[in-house]
Amino acid sequence: MAEEVKVFRSWSSPFPLRVIWALRLKGVKFDVICEDLFNKSPLLLQYNPVGKKVPVLVHNGKAICESLVILEYIEETWKQTPLLPEDPYQKANARFWAKFSDDKVFQSIKWDVLLKEGKEQEEGILASLQNLRYLEEELRGKKFFGGEAIGLADLALGWLAYYLNILEEVAGLKLVDQESFPSLVAWMQEFANAPVVHGSWPDRDKLTEKFVAMREASLGKETHK
């Protein structure tokens with residue numbers, strides 16, 4: 001009996017892409033189910049009744065939720081092409097940067113730069129730049145966060161390779177350039193060109209429209225407080 005592997009995703013979210021990249025790296029065959037998050041399917045609500053969001057990995061009828069948790073499950077289930085190193089310290093370090101992506105980098109750039117203006121945005125820019133400098137320092141002298149191959153931290157931070165430039169464009173600013181962040185820029189190019197990543201990004205124009213609408217809606221709400 002063949003394995004059943006399904007990935008529930010939305011067209012725009014970067015988080016399900018991590019799961020797709022990880023499965024591709026492992027050579028696991030899977031089906032993708034695209035969800036409209038404004039009109040969630042009964043199946044999505046059945047598999048993720050708590051979070052009611054994507055991604056969800058369904059493996060032989062069992063659902064796993066939250067992208068970083070799913071990556072750990074994939075790593076433990078399919079042993080080929082490891083996402084984590086053997087060394088306990090290096091393993092913990094990879095997990096740290098994966099969590100840093102969600103808790104610090106994504107939060108500061110999306111919520112405090114894209115969706116803010118004026119003094120609040122200035123503070124968000126400073127925080128974002130500091131977070132990006134930490135990544136620059138960690139990447140110095142390395143091709144990927146774990147060395148020569150894509151690993152857990154790269155998958156977690158991979159959204160930067162595509163989404164960052166669009167977020168910068170919509171917010172009307174530049175956070176990352178070649179002069180200030182040479183290692184980060186090189187990593188983003190390397191990651192975006194990887195075979196498992198190539199062709200997986202959402203439509204740029206459509207994504208830009210989405211972020212423009214989000215920014216306008218957020219600033220409109222701020223204005224009417």
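A bit of housekeeping first. This is a predicted model, in which local features need pLDDT of at least 70 and side-chain atom pairs count only at pLDDT 80 or more, while totals for chains, interfaces and linings use all residues. Residues are numbered from 1 along each chain as its sequence is written, and side-chain values use heavy atoms, with hydrogens and water left out.

Let's start with a pair of helices. Helix α4 covers residues 88-114 and helix α7 covers residues 160-171; they pack at an angle of about 15°, with their axes 10 Å apart. Helices here are DSSP runs (H or I, at least four residues), strands are E runs of at least two, and both are numbered from the N terminus. The axes are lines fitted to C-alpha atoms, for helices over the stretch in contact, and angles run from 0 to 180 degrees between N-to-C directions. That angle makes α4 roughly parallel to α7 (angles under 35 degrees count as roughly parallel, over 145 as roughly antiparallel, 65 to 115 as roughly perpendicular and the rest as oblique). On the α4 side, the contact is made by Val105, Ile109, Val113 and Leu114, and α7 brings Leu160, Leu164, Leu167, Val170 and Ala171. Contact means heavy atoms within 4.5 Å. Sorted by class, the contact of α4 with α7 has 9 nonpolar residues, no polar ones and no charged ones (Ala, Val, Leu, Ile, Met, Phe, Trp, Tyr, Cys and Pro count as nonpolar, Asp, Glu, Lys and Arg as charged, and the others, Gly among them, as polar).

Now for the charges. Side chains of opposite charge can pair when their charged atoms come close. A search of the whole structure finds 12 salt bridges, each being a side-chain nitrogen of Lys or Arg within 4 Å of a carboxyl oxygen of Asp or Glu. One of them joins Arg18 and Asp102, at 2.5 Å from N to O. This pair links distant parts of the chain, with Arg18 in helix α1 (residues 15-26) and Asp102 in helix α4, 84 residues apart. Arg18 counts as buried at 1% relative accessibility, and Asp102 counts as buried at 16%. Here buried means under 20% relative accessible area, exposed over 50%, and partly exposed in between (1.4 Å probe, protein chains only).

Lys119 and Glu123 also meet in a salt bridge, at 3.0 Å from N to O. Both lie in helix α5 (residues 118-139), 4 residues apart, or about one turn of the helix. An α-helix has 3.6 residues a turn, so residues three or four places apart point the same way. Lys119 is exposed at 60% relative accessible area, and Glu123 is partly exposed at 46%.

Lys143 and Glu190 form another salt bridge, at 3.8 Å from N to O. Lys143 is in the loop between α5 and α6 (152-157), and Glu190 is in helix α8 (residues 182-192), 47 residues away. Both count as partly exposed, Lys143 at 34% and Glu190 at 35%.

What about the buried residues of α8? They are Ser183, Leu184, Val185, Trp187, Met188, Phe191 and Ala192, and what covers them includes α1, α5, α6 and α7. Ser183 has a relative accessible area of 16% and touches Glu136, Leu139 and Arg140, not counting residues up to four places away in sequence.

Next, have a look at Tyr162 in helix α7, which is buried at 15% relative accessibility. Leaving aside neighbours within four places in sequence, Tyr162 is in contact with Trp201, Pro202, Asp203, Arg204 and Leu207. Tyr162 and Arg204 are 42 residues apart in sequence and 8.9 Å apart in space, C-alpha to C-alpha.

Finally, the backbone. Most residues other than glycine have a negative phi, and most peptide bonds are trans. The peptide bond from Val54 to Pro55 is cis, with omega near 5°, and Pro55 lies in the loop between α2 (42-47) and β3. Asn60 has a positive phi of about 50° although it is not a glycine; Asn60 sits in the loop between β3 and β4. Thr81 has a positive phi too, near 45°, and belongs to the loop between α3 and α4.
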